[in-house]
Structure formats: C-alpha cells, structure tokens
Amino acid sequence: MTIETVFLMVFALGSLTGAVAMFFLRHPMRVALALIGTMVSLAAIYAQLGMHVIAVFQVLVYVGAVMVFMIYAIMLLDVRDRSFTERFSPLLVAGLAGLLLLLGVLIDGLLRGQPFPAVDVPPDAFSVSTFAIVFMEQFWVYFALTAVLLLVAEIAASAVIDIRRRGQDVAAVRAERGDDHG
Amino acid sequence: MSEALALNLLLFLPVIGGVLLLALPERRADLVRGLAMVVLLAQLALAAWLYLRFQAGVPGLQFETRLPWIPAWGVHYHIALDGLNLLLVLLTAFLGPIVVAGAFTSITKDVKLFHGMVMFIQFTMLGTFLAQDLFLFYVFWEAMLIPMFLMIGIWGGERRIYATLKFFLYTAFGSILMLAAIIYLAHTVLSADGTPSFAFADLYELGLGVQVQTLLLAAFALSFAIKVPMVPLHTWLPDAHVEAPTAGSVILAGVLLKMGTYGFLKLGFPLFPDAALLATPLIMTLAVISIIYGAGLALVQDDIKKIIAYSSVSHLGYVMLGLVTYNLLGVQGAIIQMVSHGLVAGGLFLMVGMIYERCHSRDLADYGGLAKLLPAYSVFFMILTLAAIGLPTTSGFTGEFLVLLGAFHSAWPQFEQGVSYPLVLASLAVLGIVLGALYMLRLARRLLFGEARAPVAGLRDLSLREMGILGVLVLAVFYIGLFPNDFLQKTEQAAMEYQERILAARDGEVER
Amino acid sequence: MDDTTFLLALSGMLFALGLVGVIVRRNLLVMLMFLELMLNGVILSLVVFTQMLGAEAGAVLVFLVFVVAAAEIAIAVPILLLLVRTGRTLDPGAYAGLKG
Amino acid sequence: MNGLLTLLVLLPLAGFLVNGLLGRRLGPVFVNVVGVGLPLAAFGVAVWAWRILEAGGGEPLIETVFTWALVGEHVFEVSFYLDRLSAVMALIVTGVGALIHIYSIGYMKGDESYARYFAYLNLFLFFMLLLVLGRSLLVLFVGWEGVGLASYLLIGFWFQDVDKARAGRKAFITNRVGDAGFLLGMFLIFTAVGTLEMDQINEAFAGGLIPVGIATAAGILLFIGATGKSAQIPLHVWLPDAMAGPTPVSALIHAATMVTAGVYLVARMSGVYLEAPAASTLIAVIGLLTAFLAATIALVQTDIKKVLAYSTISQLGFMFLALGVGAYAVAVFHLFTHAFFKAALFLGAGSVIHALNGEQDIRRMGGLSRRIPWTSGTFLVATAAIAGLPPLAGFFSKDEILWFALASGQGGAFWLWLLGSVTAFLTALYMFRLYWLVFLGRSRMAPEVAEHVHESPWPMTSVLVVLAVFSVIAGWFALPQYLAPLLPAPDLRFDWPILHWALIVFAVLVAVAGLVAAGVLYGNGGRRAEAIERRFARLYRVLAGKYYVDEIYERLLQRPWLWISDRVFLRLGDRILLDGSLHGLAALARRGAEVLARVQTGSLHWYAWMTLLGLVAVLIWMWRYV
C-alpha cells in the first residue's frame with residue numbers, strides 16, 4: 001500500500017461523498033458546492049496521476065467557468081416552488097433500482113475484464129512541455145476550427161436576436177395603430 | 001413501316017398522346033376529349049393492323065424488339081406479340097376509345113388529368129401484355145396500379161378513399177411476394193448459365209426442383225389470384241367497382257381483371273410446370289367455387305354495379321377453369337372468355353353508368369319497367385344480359401362452351417382411371433350456367449320489366465353517341481359469338497406451346 | 001486491485017450516480033449538475049486510460065472535452081432560463097406538455 | 001339446289017330483323033306483310049325442299065354453311081341436314097307456324113307493341129328451324145337455347161305485368177336446368193365419339209364402338225335436356241305458368257313446336273337410345289307418369305288455358321312413352337297429329353277468350369256453342385281428335401302408341417299399356433269436360449260479358465277451320481311407314497293381329513266412355529261433378545294444388561339457395577371472414593402503434609430512466625455476447 005494509493009483512496013472517497021451528498025441536499029446552491037468538491041477531488045486525482053496540465057485545466061475550466069456559470073443560474077432562478085419542497089421525482093424508487101442494476105452490471109463488467117498489458121510509460125510523459133509541443137504541432141488545427149465555429153455561432157445568435165427584436169417592435173407599433181382603428 | 005416498329009409505336013402512342021394533352025388549355029374540355037379520342041382510335045387502328053399482319057401457326061414471338069436496358073442485370077426492353085397477348089392487346093385497344101367516348105358527359109372535373117390517366121393506364125396495360133422480359137413485366141405490372149388508384153380516388157363515389165386504398169394495398173401486397181420470387185429467379189438464372197437474363201424464353205427452360213417451384217408458383221399465384229380475382233381474395237372488387245367512375249369500372253372490368261389470368265397463362269403455370277400440375281386440383285376447386293360463389297352473391301345484391309362485379313368473379317372463374325384443363329379446347333376457350341368478358345362486363349358497366357348519369361341511383365329497388373321508359377336502352381341491356389348468361393350466338397357462349405368442353409374433355413379420362421373429382425368439378429361448373437341465368441335475369445326483370453318507375457321523371461333515351469358505343473360493343477359480341485374461328489386460329493399455336501410446356505413436365509408426351 | 005481498476009470503478013460509479021441523479025431529483029438545475037457529474041466520471045476514465053497508455057493525444061482530447069463541457073453548459077443554462085421564464089417553475093413535470 | 005336450307009332458315013331471321021328495327025315506324029300493315037309473309041315463304045321453301053328430298057329418294061340434303069371453330073383437330077361446323085324426319089318437323093313448324101301468324105293478325109290487333117310481337121314470333125321460327133335442320137348437336141343446341149330465349153321473350157311479352165315477367169323468367173331458368181343436362185350429355189358424346197355431327201354419332205353408337213355405360217349416361221343426360229324443354233315430370237313446372245303469354249304464342253310454342261323439340265331430339269338420337277335400354281325404359285316410365293299425373297291435374301283446372309297446358313304435358317308424356325319403348329316413328333306421328341289438334345284447341349280457346357273479352361275461367365262460361373258457332377265447331381272436332389275417336393287423327397297415333405307400349409320388344413310391358421289406357425280415358429274425360437263446361441249447358445257468363453259476345457274475325461276462324469280439317473286428315477298420313485327407313489319400328493314381342501284389332505276396339509270404347517262420363521258429370525252445369533269433388537275434398541285439393549310441386553321446388557331449391565347466397569356467402573363469407581380479417585389486420589396495426597406511443601410521457605425522469613435501461617441492456621449485450 002504505497003503512499004500514492006492512500007492519497008488516491010482519500011481523494012476518490014472525497015469525490016464519492018460529494019457525489020452522494022448531491023442526492024440529499026435540498027438547496028441547489030449546496031448541491032453545486034458538493035459538485036465543486038467532487039470536481040476538486042478529481043483534479044487532485046489527476047495531479048496524483050501525474051497529469052498536472054489536466055488537473056489545472058480541470059479546476060480552471062470546470063470549476064472556474066462551468067460551476068460559476070451554474071451558480072449564477074442558481075442565483076437568478078431562486079424559485080421556492082414544488083421542485084424545492086419535494087426534492088425527489090416520482091421515479092425515485094425506479095431510479096434507485098436502476099442504480100443497483102447499473103452498478104451490478106458495471107462491477108460484473110470490471111470483474112470479467114482482462115488485465116491491461118502494461119505499457120512502459122516514460123516518467124515525464126505528461127509534462128507541460130510535451131503537452132504544449134503535441135498540442136501546438138498536431139492539434140492546433142482542430143482548436144482553431146472549433147474557435148471559428150464558436151465565433152460563427154455567436155454572430156448567428158446575435159443576428160437572430162436582432163431580427164426577433166425588430167419584428168416585435170413592428171408588431172408593437174401595429175398593435176397600437178390597430179387599437180386606434182379597432 | 002416494319003411491324004416491330006409499329007408495335008413500339010402502339011405501346012408509346014398513349015404516352016405521346018398524354019404529352020400532347022398537356023399542351024391543351026384546361027378550359028377547352030372538348031379539345032382534350034377530341035385529342036384523346038383521336039389518339040386512342042389511332043391506337044386501335046394500329047392494333048387492328050398488327051392483328052391482321054400476325055400470322056397464325058408461326059411458333060414463338062412475332063414483331064419482336066429486344067434492346068438492352070440494364071446490361072448489368074441482364075434486363076432487356078423486350079416486347080413482342082404472341083398468341084396469348086394478341087387478343088388482349090386488341091381488346092385493350094378496342095376498349096380505349098369506348099371508355100373515352102363513354103366518359104364525354106360523365107366526367108366534368110379535371111378533364112385533362114382524367115384523360116391523362118386513361119392514357120397512362122392504356123400505356124401500362126399494353127406494356128404488361130407486350131412485355132416478354134420478367135423485369136419489364138414487373139415494372140409495368142406495378143405501374144398499372146397508380147393510374148387506377150388515382151382514377152378511383154379522384155373521380156370515385158362517396159367511399160372512394162376506402163375502396164381505392166383497399167384495392168391498392170391488396171394488389172400491391174400480392175405483387176411484393178411476386179417481387180421476392182422474381183429476385184430469387186434472377187438469382188438462380190445468374191448462377192445457372194452465367195449470363196443473367198430475365199427473358200421468358202430462358203426462364204421457361206429453367207429446370208427448378210419441384211419443391212422450389214411450388215414456393216415460387218405460390219408467390220406468383222397469390223399476386224395473380226388477387227388480380228383475377230379468385231374467391232378468397234376478391235373482396236376488393238365490389239368496393240372498387242362501386243366507387244369507381246364509369247370509365248374506371250369499364251377499364252377495371254374490361255382489361256385489368258385479365259391481368260391476373262394472363263399472368264397465370266404467360267408466367268404462372270409455364271414457368272413452374274411441375275408445381276402447376278400439383279396445384280391443379282386446388283386451382284380447379286377455387287375456380288369452380290368462384291363460379292358458384294360469385295353467382296350466389298350476385299343474386300342477393302341490390303346495388304346494380306355490385307351484381308355485375310360479382311358476375312365478373314363468376315365469369316373469370318370459368319377462365320381459370322379453362323387454364324387448368326391443359327388442353328387446347330380449355331385454354332383457347334379461356335382466352336375467348338377473357339375477351340368476351342371484357343366486352344360484356346365493359347358494356348354492362350357502361351350501361352349502368354348511363355342510367356346512373358340520368359338517375360343518380362344504383363339501387364335496384366328504385367327502378368322498374370325501364371323497357372317502357374327507355375326502349376333502346378332496354379334492348380341493348382337485354383342483349384348484353386343474354387351475352388353475360390352465355391346464350392349461343394353471343395361471345396359468352398363461345399367462351400363458356402369451349403371452357404366447359406375442355407374441362408369435361410380433360411376430366412373424363414381421369415374419371416375412367418378412377419379419379420372422379422375433376423369430373424364432379426366440371427359438372428358443377430356446367431351447373432354454373434343455370435346460376436348465371438338466375439341472377440342476370442333477376443337483374444333484367446327488376447330493372448326492365450314490371451310497372452314503370454324511376455327515381456327521375458322524364459328520362460330521355462340513349463343519345464346517338466351512347467347508341468354508337470353500345471352498337472360497336474354488341475357487334476363485337478355477336479362477331480365473336482358467330483365467327484370466332486379467326487381468333488382461335490391465331491391463338492392456337494401459343495396455346496399449344498403453353499400446353500406442351502406443362503404436359504411435357506407430366507409425362508413427356510403431348511396429349512392433345 | 002491496483003490503482004487503475006479502482007479508478008475505473010470510481011469513474012463507473014460517478015457516471016451511474018450522475019445518471020440516477022437525473023432520474024431521481026426533481027429540480028432542473030440539479031439535474032443539470034448531475035449531467036456535469038456524469039461527464040466528470042467519463043473524463044476520469046479517459047484520463048486513467050491516457051495515463052496508462054502514455055498517449056499525449058489523450059491529454060489533448062481531455063482538453064477538448066473541457067471545451068465541449070463549457071460550450072454545453074453555456075447553451076444549457078440560457079435555455080433553462082428562457083424555459084423557466086415562461087413556465088415559472090423548475091419542476092420538469094410542468095413541462096411535460098412539450099412532448100408534442 | 002344448294003343454299004335452299006340456309007334460305008329456309010334465314011327467312012324468319014330476316015322477318016325478325018326487319019320487324020324488330022323498322023316495324024314500329026312503318027305501321028301494322030307493313031308488319032303484317034313481313035311478319036306473315038316470310039313464314040309463309042318459309043313454308044313454301046320447306047315444301048319445295050321436301051319435294052327435292054322425295055325426288056332424291058329420301059337421300060338427306062346436307063349443306064355446310066361455315067366452320068364455326070377449328071380447335072386442334074376438333075372441327076365444329078355449322079351445317080344443315082334435311083332427311084325425312086327433319087323435313088316432317090320443318091313442315092310442321094313452318095306450316096302450323098304460318099297459320100298461327102295469320103291467326104295472330106286478328107288476335108293481336110290493336111296491341112301497342114304489335115311489331116315487337118311479330119318480330120319475336122319470327123325469331124322463334126328462326127331458332128326452331130335451326131334446331132330442326134341442324135346437323136350437329138351444337139347447331140341443335142344453339143336452336144335449343146334460342147327457342148328458350150324466344151319463349152322467355154314471348155311469355156313475358158306484356159312485361160308491365162310483373163307476374164308475366166316472372167313466368168317468363170321461370171320458364172327460362174327451368175329450361176336452362178335442362179340445358180345444363182343437355183350440355184353434359186353433349187360433352188360426353190363429344191369425348192366418346194369425337195364429333196358432334198348427329199348422323200356420325202348415330203353410326204358410331206350403332207357400330208357398337210361405344211360401351212353401354214357411356215351410351216346410357218349420354219342418353220339420360222340428353223333426356224334431362226328433353227324433360228326441360230318438353231316439360232316432363234321433374235321440369236314441367238314452367239309450362240302451366242307459360243300460359244301468361246298471348247294465346248297464339250301458347251298455341252305455337254307451348255303446344256305445337258317448341259315443346260316437341262325434346263321428342264325430336266330423342267327421335268333424332270335414336271342410335272344412342274337403341275344402345276341404352278336402361279335409358280329408354282327410364283324415358284318410357286317418366287313419360288307415362290307425366291302423362292298420367294298431368295291428366296289428373298287437368299281434370300280439376302278451372303282456367304281454360306291451364307287445362308290445355310296440362311293436356312299438352314300429358315300428350316307429350318305419351319310421345320315419350322312411345323320413344324321409351326323404341327317406337328320412334330310412332331312418337332313423331334303422334335307429334336305430327338298433336339301439333340294440329342292442340343294448335344286448333346289453343347286457338348279455339350284464344351277465340352273464346354277473345355270473344356269473352358279476356359275471361360279465362362271456365363266456371364264463368366257455358367252455352368257458347370250457339371253464340372260462336374265456328375269456334376265451337378272446330379273446338380269439338382279437335383276435342384274428338386285428342387280424345388281418340390276413330391276417324392280423327394288422335395285415334396290413329398294414340399292407338400299405335402298404346403299398341404307398341406304393350407307389344408314392343410324393347411321394353412313394352414302390360415302395366416305400361418294399362419296405365420296408358422287409363423290416361424287415355426282421363427284425356428277423353430277432361431277434354432269433354434272442358435267442351436261441356438265452355439260450350440254446352442246454361443250460360444254462367446257475367447251479364448256485361450254475355451251481351452257482347454261476338455264471333456272472332458275471319459282470319460282467326462279460317463285458321464281454326466284449316467286446323468280442324470288437318471286434325472281430321474292428319475291421321476290418314478301413314479307417317480310411321482314414311483319414316484320407317486329412318487326410324488325402324490321396334491320388333492314386337494308377340495304379333496297377333498287379332499289382339500291388335502281388339503286393342504283398337506278397346507281404345508275406341510275407352511274414348512267413348514270418357515265422353516259419356518264427361519256428359520254425365522258435367523251435363524247440367526257440373527253439379528254432379530261438384531258433389532264428387534266435395535266427397536273427395538282432400539284429393540281434390542291436392543290435384544287443384546298441382547301436387548304442390550311448385551311449393552316443393554320453392555322450399556327445397558330456391559329458398560336454400562337464396563339463404564346460402566345471402567347468409568353463408570355474403571354475410572359470413574364476404575363480410576365477416578374476408579373483410580373482417582382485412583379490417584382486423586388494419587385495427588391490429590393501429591392498436592400496436594397506440595401502445596408504442598404511450599412510451600412518450602413527456603417526463604424527463606422517465607426518459608432518463610429509459611436511457612439507463614437502454615444502457616444496461618447494451619452493456620449486458622456487449623460484454624456477454626460479443
């Protein structure tokens with residue numbers, strides 16, 4: 001039982017408790033916090049595995065961007081309606097049964113899986129430099145393409161919004177004139 | 001002009017006509033009708049000329065055209081005339097102008113589309129008859145459904161949607177099985193002699209195992225039996241006829257029903273002789289059941305069109321009986337009966353259309369004593385009724401007499417060898433002529449005799465046009481009744497080949 | 001049971017919990033978060049395999065997944081906002097009429 | 001002279017076409033000229049052909065018109081054949097036919113579809129001549145069904161009256177049943193002999209090539225056709241109803257010519273029946289039974305035409321008796337004489353009905369002999385002839401039949417003769433009953449009918465006189481000897497001339513007894529007859545009800561067939577089984593779709609759960625089976 005395994009165990013346990021906690025917490029904000037906890041534990045695991053770049057980005061993108069955006073949403077939609085009072089959906093029991101079923105299958109899959117042929121991994125395989133080199137040499141094209149696509153999507157979205165707004169103005173004007181003639 | 005070229009022109013004339021129709025303005029209905037008449041009359045003239053040029057007694061196909069169409073699969077555009085389809089092509093061409101002439105006053109909505117449909121139907125029907133290539137046959141066989149479906153669907157009666165859907169699905173279902181059989185056949189042809197070929201001539205030589213033949217025949221037979229229609233598969237016919245417009249009914253009864261029997265004659269039995277011989281008792285039983293069942297149902301109907309529709313079931317029962325006798329009398333009788341039924345049933349439907357046009361009712365109870373109100377109409381109706389009963393000197397008698405004689409002629413030797421079942425069936429079929437007289441005379445008595453009453457007062461008798469159409473039909477009926485020999489000579493060679501092909505499978509020697 | 005099997009089991013559990021969370025919880029936002037949890041489970045298994053095989057491309061792929069995750073939430077939340085503006089509730093049962 | 005027979009046949013056809021198409025427009029005179037002229041011309045041609053036949057020493061004239069159909073090596077030719085038998089028939093048909101046409105001028109005067117009547121009558125003559133002169137069974141069959149059609153059209157001539165139209169249809173259907181039997185017989189002969197030419201068939205059967213079984217079967221089947229046409233026992237129901245047609249029609253078709261077609265057929269096909277003793281005895285028995293039963297029914301009929309109709313059936317029964325015992329020539333002789341006196345009787349009845357302005361019920365007649373002397377005189381002669389009083393025609397032919405019934409080597413039997421004599425007695429009885437009730441005794445006519453009873457115009461009475469004369473002299477033609485070379489008389493079981501003379505005397509006594517009995521019973525207005533009828537009331541009701549044959553057929557044949565067609569075929573077969581299964585398939589598809597559609601509930605949780613199940617399934621399948 002090397003020290004790394006212990007750390008891994010700890011972080012894994014952390015992420016699991018976070019995930020399970022999300023089930024029981026009533027307020028979405030607390031659920032969000034539990035999720036952030038899980039994500040951070042995962043980042044720790046990545047780091048422990050030596051994938052520092054991934055760990056950093058996990059925290060940076062996921063926790064930083066995604067969860068922040070989610071928290072904004074939670075703040076905006078602070079609605080105390082039926083979804084707040086009754087935490088669980090009508091399919092609670094079915095869901096749990098599904099969980100057991102799924103876990104059973106996964107475990108069965110794992111137990112029957114053949115052991116993986118060990119591959120010798122050079123120690124500094126995932127340092128920042130190798131990541132950067134690989135990223136910049138081979139894969140920059142895809143990211144550039146993705147960027148362009150995102151840009152196009154934004155322009156299209158704004159155009160659509162603009163058309164809709166102008167349409168509504170015209171309708172509003174006509175409605176007023178309509179009232180006069182009405 | 002060489003005959004082969006003329007045959008192609010005959011086939012594509014309706015297409016040309018259809019195209020010309022498009023050019024005419026929709027408003028000018030009379031122009032549209034005129035053009036349609038001209039095109040179809042030209043087609044009739046061409047068909048008559050080809051009939052005269054057709055030499056009797058020459059084996060094999062005549063006026064052949066064979067062009068590669070899809071070389072990869074070995075599919076050829078292969079059309080030709082032979083003894084089997086000669087009369088049916090003539091009948092189709094003969095009925096064309098009659099249908100259009102009959103629809104002058106009854107069709108007022110979408111006149112151009114209607115005549116387009118008629119052209120399309122003529123094209124596909126002639127295609128099916130002329131095709132000598134299985135693939136081409138199947139293409140025309142399916143294409144034929146579309147115009148008929150539209151004609152019933154657009155110009156039909158109240159329940160036309162139900163009727164036309166039922167008609168389409170019923171027939172299409174049958175054809176799908178046939179398609180499967182064709183694909184299997186194409187597959188075996190490929191492997192057999194390497195060069196893939198759909199031509200009937202090659203397919204006839206295909207020696208398949210009996211077990212395979214039975215399956216293939218079952219698929220083909222189902223599709224054709226639906227079209228004939230034979231009894232268990234006939235329920236689409238009365239609905240289709242009742243809801244179809246007059247022109248649709250005439251085409252349906254006149255030619256479309258012959259597709260099924262022609263299919264059996266050309267494809268069903270010759271392709272699978274061993275299976276055909278095995279299936280003969282079954283088909284003979286179904287044929288006789290059709291005769292009696294159709295006659296029975298026709299007796300208890302009150303809708304005039306349904307009576308004639310069921311009489312078609314009964315008459316085509318005779319045709320099927322004739323086909324499975326496998327002797328010259330029966331087969332040639334069947335061919336004559338097909339043509340005769342086309343004329344008689346076509347004529348009767350035209351007449352029902354004429355009375356429907358005047359009184360808008362098809363219920364027998366509304367009518368009586370038309371002989372007093374419409375003397376000319378009644379004379380023609382009586383003549384066609386007698387032809388339907390199969391009275392001597394009419395075409396009905398020629399067909400029925402030869403079929404029944406053929407059936408008895410083939411059943412008697414079997415009876416002497418102890419198999420009495422075919423003889424019983426032949427005798428039951430002869431009983432059919434009594435049942436035929438029963439329902440047709442009931443129709444005639446209820447419609448023409450008794451005290452004069454009709455839903456609409458002040459009926460005017462047949463116009464010159466109507467009298468002309470019916471006159472031509474009646475002349476044809478009497479001509480086939482009195483002088484059928486010319487027709488028989490021309491179909492004899494093909495009938496002999498059909499018979500030899502099947503009997504060769506049974507015992508090698510040819511029993512005339 | 002060496003580390004990789006354990007971590008793979010963990011990723012499977014996270015994914016299962018995420019999926020069941022969507023089924024069980026009533027609140028739309030929480031369901032979204034469970035979706036994120038599922039995605040994290042998948043990323044974990046990806047990372048484990050990358051680490052075992054020593055494939056740098058795996059790392060880049062993970063990076064791409066992050067981008068996709070961000071884009072996905074960027075679209076999911078506004079849709080949610082518009083939906084809730086009309087439906088005025090976060091209970092998915094209320095939006096059953098959307099089945100068409 | 002070639003083409004003579006074709007001309008003979010085509011003359012009436014021309015009459016039909018001309019009158020049919022132009023008659024209505026060109027008025028009754030033109031119709032008379034064509035309608036009557038052409039049959040007379042046909043009679044002239046028939047006589048001319050007969051003289052040529054005799055000049056040729058009885059050699060048959062054969063004319064082939066054209067080949068109807070050539071199938072394989074089977075040849076169907078339309079050809080005419082005139083030998084002595086068909087010459088006699090042709091003469092009767094055209095002779096009596098022409099006379100009846102003349103009579104019709106008077107009878108049908110003023111009828112609104114006058115042209116149509118003569119057109120149909122000429123059509124009938126055309127088909128009858130086709131039947132009589134045809135050489136092959138096929139041509140005979142064409143004539144056979146053609147006369148059936150003509151009788152259908154003429155019975156239902158006044159088609160406004162639904163009953164008359166229904167009677168026409170009944171006649172056609174019953175004939176058609178007989179024709180079905182005829183067709184089967186024809187097919188059997190064709191299969192056995194290979195041709196339909198009647199003379200070749202007779203030779204083939206005479207040559208002994210054909211096994212007896214086939215000969216008997218063919219004989220019986222052809223006889224079924226004959227019973228249909230000549231109204232013998234099983235298929236006789238249509239003749240009494242056929243009286244709905246105009247009286248000259250009844251005289252021509254249902255007395256003189258058409259109904260004798262069956263007799264002609266059996267006589268012509270004597271070759272077959274000589275080889276089939278079983279069939280012949282069947283014919284004899286059925287013929288006699290028909291004769292006897294029809295005579296009993298005729299005794300109680302009250303409609304003048306119905307009495308004559310049953311009398312015709314009875315006389316035809318006699319002819320079939322003669323055919324059954326092999327006396328073909330004698331049967332034709334009786335046919336020859338019967339044509340005259342039965343035509344005379346019917347036309348006489350027509351004249352009576354014409355005089356009484358349509359009254360047909362003999363209970364409201366009586367004492368007419370003084371009012372319409374010519375009709376009553378000719379009627380008396382004809383009645384005496386049919387009863388078989390010596391000098392007249394009936395006596396000679398009926399006596400021969402009875403003699404051969406007893407003595408013929410081919411099935412003659414004592415009981416045949418005995419029942420035949422009883423029937424002869426009954427014939428005399430009902431005929432004189434008719435005469436007594438109609439012409440003698442007190443007048444029981446309704447007053448308004450009585451005062452303007454008038455004798456028929458001269459065209460009608462002149463025909464009656466001619467027919468009466470022939471009823472007398474017809475017996476003196478020695479027809480059996482004339483036809484002997486063609487239809488040899490059967491060899492006798494025992495030939496004692498004394499017995500023969502004794503039988504002749506006995507027959508005369510029987511006829512006279514009949515006359516006296518009629519006089520006694522129906523002398524003073526038929527009171528004594530009514531007394532007997534009251535005493536045997538039940539028997540009387542059965543006879544009046546015509547043995548309820550119509551009702552039996554209606555219940556045993558018509559109603560079951562309608563029930564099967566309606567209930568079994570239409571409702572069960574088409575509606576429930578076939579259409580039902582179709583609609584069932586359609587409903588199945590629709591319901592299946594509904595079940596699947598229920599999965600879309602709209603709840604996100606449900607969809608997620610479905611996803612989970614899907615995932616589980618995929619995983620199991622992937623890990624376990626791939």
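Q: How do you know that the length of helix α19 of chain D agrees with its number of residues?
A: Helix α19 of chain D (residues 458-473) has 16 residues, and at 1.5 Å a residue they should span 22 Å. The expected span is 1.5 Å times one less than the number of residues. The end C-alpha atoms of the helix are 22 Å apart, so the two values agree. Bear in mind that this is a predicted model.

Q: Which residues of α19(D) are called buried, and what makes them so?
A: They are M460(D), T461(D), V463(D), L464(D), L467(D), A468(D), F470(D) and S471(D). In chain D, the buried residues of α19(D) pack against α2 (84-107), α14 (328-355), α15 (373-387) and α16 (393-407).

Q: Why is V212(B) called partly exposed?
A: V212(B) has 16 other C-beta atoms within 10 Å. Buried needs 20 or more and exposed needs 12 or fewer, so a count in between is partly exposed. This residue sits in helix α9 (residues 210-227) of chain B. Its C-alpha atom is 9.1 Å from that of F272(B), a residue 60 positions away along the chain.

Q: What makes α10(D) roughly parallel to α13(D)?
A: Helix α10 (residues 261-268) and helix α13 (residues 304-324) of chain D pack at an angle of about 5 degrees, with their axes 10 Å apart. Angles under 35 degrees count as roughly parallel, so α10(D) is roughly parallel to α13(D).

Q: Which residues make that contact, and how do they divide by class?
A: From α10(D) come V263(D), V266(D) and A267(D), while α13(D) brings L316(D), M319(D), F320(D) and L323(D). By class there are seven nonpolar, no polar and no charged residues.

Q: How do you know that chain A and chain B do not touch?
A: Their nearest C-alpha atoms are 43 Å apart, whereas a contact needs C-beta atoms within 7 Å. Chain B and chain C do not touch either, with nearest C-alpha atoms 28 Å apart.

Q: Which chains share the most contacts?
A: Chains A and C do, of the four pairs of chains in contact.

Q: How far apart are the C-alpha centres of domain 1 and domain 2 of chain A?
A: Chain A is divided into domain 1 (1-91) and domain 2 (127-182), and their C-alpha centres lie 30 Å apart.

Notes:
Residues numbered from 1 in each chain as written. Chains lettered and ligands numbered in written order. Predicted model: local features only at pLDDT ≥ 70, side-chain atom pairs only at ≥ 80, totals over all residues. Domains from an automatic or database assignment. Helix = DSSP H or I, 4+ residues; strand = E, 2+ residues; numbered from the N terminus. Axes fitted to C-alpha atoms, helices over the stretch in contact; angles between N-to-C directions. Parallel < 35°, antiparallel > 145°, perpendicular 65-115°, else oblique. Contact = placed C-beta atoms within 7 Å. Nonpolar A, V, L, I, M, F, W, Y, C, P; charged D, E, K, R; others polar.
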